[in-house]
Amino acid sequence: MTKVLHTGDTHIGFRQYGLEERREDFARAFLQVIQVALDEGVSAVIHAGDLFEDRTPGAEDLLATLRGLFALKDAGVSFLGIVGNHEQRRGVQWLDLFEDLGLAVHLRTKPFDLDGVPIYGLDFSGRRPVSPPPCEGGVLVCHQLLDQLDGELALEKLWHCGAQFVLLGDYHEHRSWREGDKLVTYCGSTERWMLDEKRRRGVNIIDLQNGRLQRHELVTRRFVYIPADEDPLQRIENSDVQGAVIVVYLNNTAKPTAVEIEELGYRRGALAVRVRPVEQLTDGRTSPAVTVEFGDVEQVISEAVAKKNLSALAREIDQIIRDLAIADSNVDPEVTALLERAWRENL
Ligand SMILES: [Mn+2]
C-alpha cells in the first residue's frame with residue numbers, strides 16, 4: 001500500500017496582522033503536518049506549492065522547515081514538492097536547495113518513482129492557460145487554479161492527461177472531483193491565510209492503490225466569527241476569546257463602532273480583532289459573491305480592453321492586475337516574473 005500525505009499552501013513566514021504569534025502559527029502548522037505524516041506512516045509527503053509566504057523566508061522559518069524535513073528524512077519519508085507563486089524565485093529555488101541537501105525532491109515532468117508509481121510535477125507557471133503533460137498512470141502535482149474556480153487549468157484536460165491523481169495547491173479550500181477512479185483534489189491551506197478561509201484546515205491522506213482519500217484535520221489558531229446579525233459586544237462578552245482571532249462582520253450601523261469592538265476584544269484577551277463591513281467581503285480569492293457582484297463590471301472592462309490594440313504581453317499584465325485570485329501583494333512579483341519570462345524568450 002502506498003499512502004501519501006498531500007499538503008500545500010503552508011505559507012511559512014507569513015506575519016499575519018503584523019503578529020509574531022501568527023508567524024509562528026504558520027511554521028507550527030507545517031510541523032504538525034510532518035507529525036501527521038509520521039503518525040500515519042505515509043511513504044511520502046507531497047507538497048503542492050507555497051511552502052513559504054515569499055521568496056525570502058527568515059532564519060527562524062528556515063530552521064522550522066529544516067527541522068520538519070530532517071524529521072521526515074530520519075523516518076525514511078520522502079518530501080516531494082513543487083514551487084508555488086509565493087516563493088518562486090529567479091533561478092535556484094528553495095526546493096532545489098533542500099534537494100541538494102538530500103531532504104526533498106523537486107518534482108518535474110520527468111517522473112519520480114515512488115514505489116512504482118510515477119509522480120510528475122509542474123511549478124506554478126503564471127496565470128496563463130496551462131496544459132498538463134502526459135502523466136500515464138501516475139500522479140500529477142501542480143499549483144494552479146482550475147477553470148472551475150475561474151483559473152487557467154481546465155479540469156477536462158486533467159481527466160485526459162493520463163494521471164490517476166492530480167494533487168493541487170493554490171486554492172486554499174479543500175475540494176475534490178472524481179471521474180471513475182480518477183481523482184483531482186485541492187488539499188487547502190494549513191492555517192487561515194485569509195479571513196474567508198472559515199472551514200477547519202486539514203491535509204489529504206491518499207491511498208494510491210485504492211484511491212481512497214481521507215481528510216486529517218489540523219489544530220490551528222482559533223478564529224471566532226461573529227456574523228452581522230449578532231450583537232458583537234454581547235457575543236465577545238459571553239465567549240472565551242482568549243488567544244483567538246475575532247472576526248466581526250458589521251452592517252452599516254453606527255453602533256457599536258469598530259473601536260468599541262476592538263477594545264472589548266483585546267480586553268477579553270483576543271490575539272487580534274478584525275472588523276469587516278459586510279460589503280467589503282470582496283477579498284475572498286474566488287468567493288461566489290465576487291462573481292455575482294462584479295461579474296458585469298468585469299465583463300464591461302474585458303470588452304473595453306479587448307477593443308484597445310494592446311500587445312499580448314500588455315493584456316497578460318492587465319489580467320494579472322484584475323485577477324481577484326492574485327493577492328495585491330503578489331501583483332508586483334507576478335508581473336515581474338511575466339516580464340522576465342518574456343525577456344528570456346526574446347533573447
Ligand atoms: Mn497559497
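**Close-up views of a predicted model**

**View 1. The sheet that contains β1.** In this predicted model, 6 strands make up an open sheet with mixed pairing, and their order is β4-β3-β2-β1-β11-β12. Strands β4 (105-106) and β12 (213-217) lie at the edges, each pairing on one side only. Within the sheet, strand β1 (residues 3-7) runs parallel to strand β2 (residues 44-47), and 4 bridges join the two.

View 2. Another open sheet has 6 strands in the order β5-β6-β7-β8-β10-β9, and its pairing is mixed. Its edge strands are β5 (112-114) and β9 (175-179), each of which pairs on one side only. On average, and with direction ignored, neighbouring strands of this sheet are turned by 20° against each other.

**View 3. The pair β5 and β6.** Strand β6 (residues 117-122) runs antiparallel to β5, and 3 bridges join them. Asp113 stands opposite Pro118, which belongs to β6.

**View 4. From β13 to β14.** Strand β13 (residues 223-226) pairs with strand β14 (residues 245-250) in the parallel sense, over 4 bridges. Opposite Val224 stands Ile246 of β14.

**View 5. From β14 to β15.** On the way from β14 to strand β15, what is the hand of the β-α-β crossover through helix α6? The crossover is right-handed, and α6 covers residues 258-267. Strand β15 (residues 272-277) pairs with β14 in the parallel sense over 6 bridges. Leu250 stands opposite Pro277 in β15.

**View 6. Confidence along the chain.** The average pLDDT of the chain is 90, and 92% of the residues score at least 70. Over residues 284-295, pLDDT stays under 50. For this stretch the model has 14 contacts beyond four places in sequence.

Note on methods
Residues numbered from 1 in each chain as written. Predicted model: local features only at pLDDT ≥ 70, side-chain atom pairs only at ≥ 80, totals over all residues. Pairing = 2+ DSSP bridges. Axes fitted to C-alpha atoms, helices over the stretch in contact; angles between N-to-C directions. pLDDT = per-residue confidence, 0-100. Contact = placed C-beta atoms within 7 Å. Right-handed = clockwise from strand over helix to strand, strands pointing away.
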